[in-house]
Every structure is written in structure tokens, then in C-alpha cells.
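Please look over the sequence and the model below before reading on.

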There are 2 protein chains.
Amino acid sequence: MNARETLAGSPDVRRTNLAVLLRHLHLDGPMRRAELTERLGLTRSTVAGLVGELGRLGVVEQSTTGAPAVPASRGRPSPVVRPCPLGVQVLAAEVRIDQVEVALVGLGGTVLRRDSRPLPDRGPEAAADLLAETVAELVATAPGRVLGLGVAVPGVTRHDDGAVRFAPNLSWRDVALGELLASRLPGTRVQVVNDGDAGALAEHLRGVARGCADVVFVEGEVGVGSGVIIDGRPLAGAGGYAGELGHMAVAGPAGRLCRCGSHGCWETEIGRHAVARALGLDLGASRAALVEALHAPGPEVTARLDRVARHLGAGLATVVNVFNPRLIVLGGLLREVYPRVSTRVQRALLDGALAAPAEQVRVVLPELGDDAVLLGAAETVWQRVLLDPVGALAS
Amino acid sequence: MNARETLAGSPDVRRTNLAVLLRHLHLDGPMRRAELTERLGLTRSTVAGLVGELGRLGVVEQSTTGAPAVPASRGRPSPVVRPCPLGVQVLAAEVRIDQVEVALVGLGGTVLRRDSRPLPDRGPEAAADLLAETVAELVATAPGRVLGLGVAVPGVTRHDDGAVRFAPNLSWRDVALGELLASRLPGTRVQVVNDGDAGALAEHLRGVARGCADVVFVEGEVGVGSGVIIDGRPLAGAGGYAGELGHMAVAGPAGRLCRCGSHGCWETEIGRHAVARALGLDLGASRAALVEALHAPGPEVTARLDRVARHLGAGLATVVNVFNPRLIVLGGLLREVYPRVSTRVQRALLDGALAAPAEQVRVVLPELGDDAVLLGAAETVWQRVLLDPVGALAS
């Protein structure tokens, strides 16, 4: 700890205060200047000055209309300050097995543009070409400054340079995706993030896990992506590779072979292929066909999903014993699976989890739907930008 | 974030500086005042004043002899500041299955007194009586101020009030150990901590994991206790119950029955009973008998331990995929098991772990030996005291 003394007017403190203020608006939306003053613990004139500076940068605006109603009080009502999504944006992208999703996301989290393109060739160069092309179109028509690109991938990603170490379902190993994109998009700062971590971040900041410090997010697609928030911070580990819950060995050493090379990984029992197998569908069945089958009425679907349910519950029991989370969010295909088998899953969870942490956890579905990963990719960039927005806008 | 402006001389900042300075001495031992000045980023006169105040409180002393050698330089050599273990202490205790261990630990981590008592009656009241009696003797002859008691238990413990929710090997369920001890030791602040968390803390602060931000500590005794340090902070979870790695379901649903009520928990395959079974010893065999058997020469021991080794490696693979730690520390009986089967364990670990996190991890044995849990119980108290030592000494 370094006990450095600084004064309110010093440049460091001012830049920090600008960042903190903007982050409040970005995450919590328009609010009265009086509330900002209270949240920041600064004087009214300091806050007025900060808001003025952000206004001159074009990232916030003030008005006296359109705020939440306040009780009658003496003096003029405090102006409402709102983030300007048209003033500054970030780019978000998600690489899925067969397609890429991209979006232009304004300050405050508003999605201004969306686009989706099929990915016929999963090779890294082809994927980078497609991403760069699609993203460039968004940049060309962006209404404001574009401050970076966040790309979510279904794989284990190194934090410091965005290298995708292993994405089994794309057959990627040691793909320098950060570099491939940087060379195609000169001047754009690129961050690559694991899709489970991105989804967790979005639900934590804007979704069902808002305000919850201890959350585990499990996203079931072909692979099972996951993200873990501990005491409000994303679990990263020594290299940024932590949180690969899809590769917990919950089915024992005699379990199914996993694409990662091991046996009995959780994703071999609760991922898309396991669900397709359980429902009697072809392993190559489309996601839409699986969702339709999961919504078929009657008890047969529940019965067919019994093995999936038992393993989902057993894995969640391990998650509860290991992390003692307050929330577990089941996304991706699991949000369609869980409601059909929730009783069976809860029973397996309670069988395997210690009572003390089990009492504290709730299993919930995401609020952000299919957009969670993409919004999380955007938030990954916003988190960086909002550490020092003045600096980011200047560069 | 609250951007509050303070000045160097203000009481808050001074108390914080005193705490930071004392913590450096407590963890890193005697050092020259010049080094303290550099570490804290304050002026020399400020540091001299802080050291003077701590000296008047009797917790540090200064001298010009006995420091590490320094190159010849202009001016007087900076005085050496050292923590005073005789000036202020904490009490530490560890509840094991058949005995309690207690110690008086001075500032700086020096163990001043040790005691060990058999625990014939494991009931909570009897254990509390024995702990209180043994600890009172240490207090009566303590050379300085005693600032609290830390008690490590083999069970799931609630952080806020020290209630032991579940310690299966003591047959404790919802034991208000914090309260039982507080009523027997009026005026002593009691903290109850999980034994795995305590061992992890000690190895992280003073042992093999010193300076390592991402560590998993696995202690194999009758149960398997564990503690996880993430980015330098202990993993706690919503209620303080996190890190129960002994109850990860690694052996699948058809695995052995665990004392927690579930099946296939990791501790049913790597705990003391599993090791005894593997070696052909009675489940009630003493720890000393097991250790002797584990040191018997020849290949038969390694062969007998094959199942234990496979499950140890498989569980470590899950630990690596989940936490991406830099170090895994194997303590308790596992420190005797691992060297006999390390090849088999490593193979199972590499089979099950993703390559990226596997590259970063080392499996090591503890430096602190059998004392790790007890020292960690002491450090749990020191951590609290050293947040505000002036306040702790005043109360």
C-alpha cells in the first residue's frame, strides 16, 4: 500500500473523479446531479465542473426534464445528467461456431447497430477477415468516436495479448486473434475475451446478477462457457484462464470423451451434444431444432433429460461447494433446458452440496437473453475505457 | 468509489500509515528505516515519527546493529526497525480430531509458547472448555498484550459470527463456537476459521506460496481441508463457506459415500481413510502408523496408492481448470503421499487439465509443516489487528 497524499484539484484526482462519475452514468443511466454529488462524496461545485467538462467532451448532456420524479423541495430541481450513446461508442463481436455477431454499443450500454454474418470458414484468418470487414462497416457509419473492439470467443484466452490458446469447437489452438485483428484494423484497440467471462460480466453489470458480488455464470452451447465473479471481481487466475467449469471432471474417469481430450468433463453431459443425444436428435441438429424440441409439451422431454439433469445438478453442487455463490445463472441452451428439469436438478444439487452454502444460492435464468455475451464483450472495452475516459478520448 | 480528499497529517491517514508500516515489519521482519521509507512512499521525517510512535506503544524497537549488510554510503546508516514479539501477541488454536493445539504468537510471527492437549470428548462444550482452559494458561504468562484468539476448525465456518455450520469429522453441526469461547474468555476477541483457509493463509504469507497471488492449498487429513487465494485475497464466497474442494464430485455419482452425505467427493478418494484402505491398514490406524507405512521403501507402496494417485491428479486437473493457479500446495498427509506417486499424479493432472493453465502451475509441498494451520489461525487474528493496531492496542 502506498499512502500518497493528493489534493482535490490535482490532475490525477480530477481524472479519477471524471472516470468515476462517468462510470456511474454508464452503468446506472441518467440521474440528477444531486445524486451524483451524493454518490461521489464531492462538493456540488466540483461535480458541476466535472459534468461541464464531460459535456464539452460530448459524452454527457444535462437537462432539467425527463428525470425520475422527486418530492417537492426548496430551490431549483437539480439538472438531470445523462450519458450520450451517440457521443462515444465501442464495438463488440462474438464468434460462434457458425456465425459472428457484431454490435456498435454506445455509452450507457445502448446497442445502436447489430449485425450477424454466417461463418462458413472457421479458420482463424478467415474469421479475422470477416470480423474486420463487418466491424469496419459499423465504424464507417458510427455517429461518434469509437474507442475499441471487444471480441468474445468460445475458448481459453490469454489476458495480456488476446491470444486464443484453445477453442476446441472452432479447432483453434494458439491463435493470435488479437494480433490478426489489430493488423486488419489499425488504430483500433482490440481486446479478446472468453465468452463465458463476457456473459458473466454483462449479467453482473446490467442483468439478473446486478449488484451481486458472488455469481457463477454457466452458458451451455456446444461447449460450456462460464464466468465467475468473486467479491465483485471477475475470476481470472494466473494467466486469465480460470473459470473453465465446462472441464470440471464431474462424471468420473469412465465418463464420455471430451473435445479437450479428457474424460467425464461437465460439458460432455450438459452441452449441446449431450442434450441432442438425450432428445434423440442428430448431434448436428441446429440450435433452433433443439430449442423447439425442448419446448415440446408433455412429460417425455423431462424424462429424456434425466441424465442431463442429474449431471447438471451434480456439477452445480460442486460449484456451490467451491464458490459459495449467491447466484448461479444458467444461460445459452441451459436456459431452455432448466425449466423442464428444475426439480431433478435441484434434488441433485441439494444431494451434493454442503448445507451452509446451499442455503445461500439461487439458480436463475439470465435477463439479457442471447445478447449477454455480446454486451459483455462491449463492457470489457468500456471497463478499460472508463478507467480513464479523458485519456481514451484524447488518444 | 468515494473520492475523499485527505491530508498527510490527518488522523485517518496517520492511523492508516501506522498500520501499513507495522504490517510490513510483521510480515517481512526487521528492516532499515530507509527501506520502510521507500516502501511506504512517505518522507523520512514522517516515517521517523511513525516509528517513534510505534516504539512508544512498545510494538517496535530501533537499533543500529544487526541489520543486513549495506554497501558503504554517505552519512549515518539508517537505523534498523524490528517488530517486538514480546510487546504484543495473539493466541492461536487448532481443533483436530483427537487433540487441540494452541500457541502464543508474537508480532512478527514468532511462536513464543506451544501446547498440545488430547481431546477425549469431541462435544462442543467439552472442546470449548479445553480450549479456554489451555488458552487461559498462555494468557496468564504472556509477556505482552494479547489481542485476540484465532481458532482453526476442520469444518465449514460462517465468517460473521464464527459459527461452525458443519464439521463432519467432529460430528458438529451448527455449533456456535465463537459464542461458546467468548463466554468462557470475556474480553478476548475470538475468530473462528476453517483449517484449510488457515493453512493457505500461512503458506501465502510466510511459506512456500509467499508473494504468489494465485494459490490453492489442499490439506489431506481425515477430511480434506482447502483454502484458495485469488489475486492475493482469500476466497470467501457469500457466507465465507467457499473453497470446500474436498467435496468436489470428482469420482462420479457411483463413487464412495462421503461423511457429508454425498457420493464421490474428492475426500473419499484422497483423505486419510482412502490412504489407509489403499495401504491395507485399518481405517482407525493412527496418523503416525500411516506416515510410517508411506515411508516404507520399495515399489509396493506406489502400486497400492495408484487409485489414490489417479483421483488426486484428476481433482487437481479440475482445480487447475477452475482456478488457473500458479501454485498448488499439498499438505497434511498428502505431503507424505505425493512424493511416492508424483509421476502418476502428474500424468492424471495433465490428462485432465487444459494445456494453457496446466503450463503455469507447479505442485509443491508446504514449507511450514504441521504448523501451517496454527500459524494461519494466528495470522487470521493479526490481519484484523493490523488493520488498525493503534485502535486494537487502545481497546
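A residue is called buried when its relative accessible area is under 20%, exposed when it is over 50%, and partly exposed in between, with a 1.4 Å probe and protein chains only. This is a predicted model, in which local features need pLDDT of at least 70 and side-chain atom pairs count only at pLDDT 80 or more, while totals for chains, interfaces and linings use all residues. Residues are numbered from 1 along each chain as its sequence is written, and side-chain values use heavy atoms, with hydrogens and water left out.

A salt bridge here is a side-chain nitrogen of Lys or Arg within 4 Å of a carboxyl oxygen of Asp or Glu; helices (H or I, at least four residues) and strands (E, at least two) are DSSP runs, numbered from the N terminus. Arg117(A) forms such a bridge with Glu137(A), their closest N and O atoms being 3.1 Å apart. Because Arg117(A) lies in strand S6 of chain A and Glu137(A) in helix H4 of chain A, the pair ties together parts that are 20 residues apart in sequence. Arg117(A), at 18% relative accessibility, counts as buried, whereas Glu137(A), at 38%, counts as partly exposed.

Another salt bridge joins Glu359(B) to Arg165(A), with the closest N and O atoms 3.0 Å apart; this pair crosses between chains, from helix H13 of chain B to strand S9 of chain A. Glu359(B) counts as exposed at 55% relative accessibility, and Arg165(A) as buried at 10%.

Turning to chain A, strands S12 and S15 pair in the parallel sense over 6 bridges, where pairing requires that DSSP finds at least two bridges between two strands. In chain B, 14 of the 18 residues of helix H11 are buried.

Key
Chains lettered and ligands numbered in written order.
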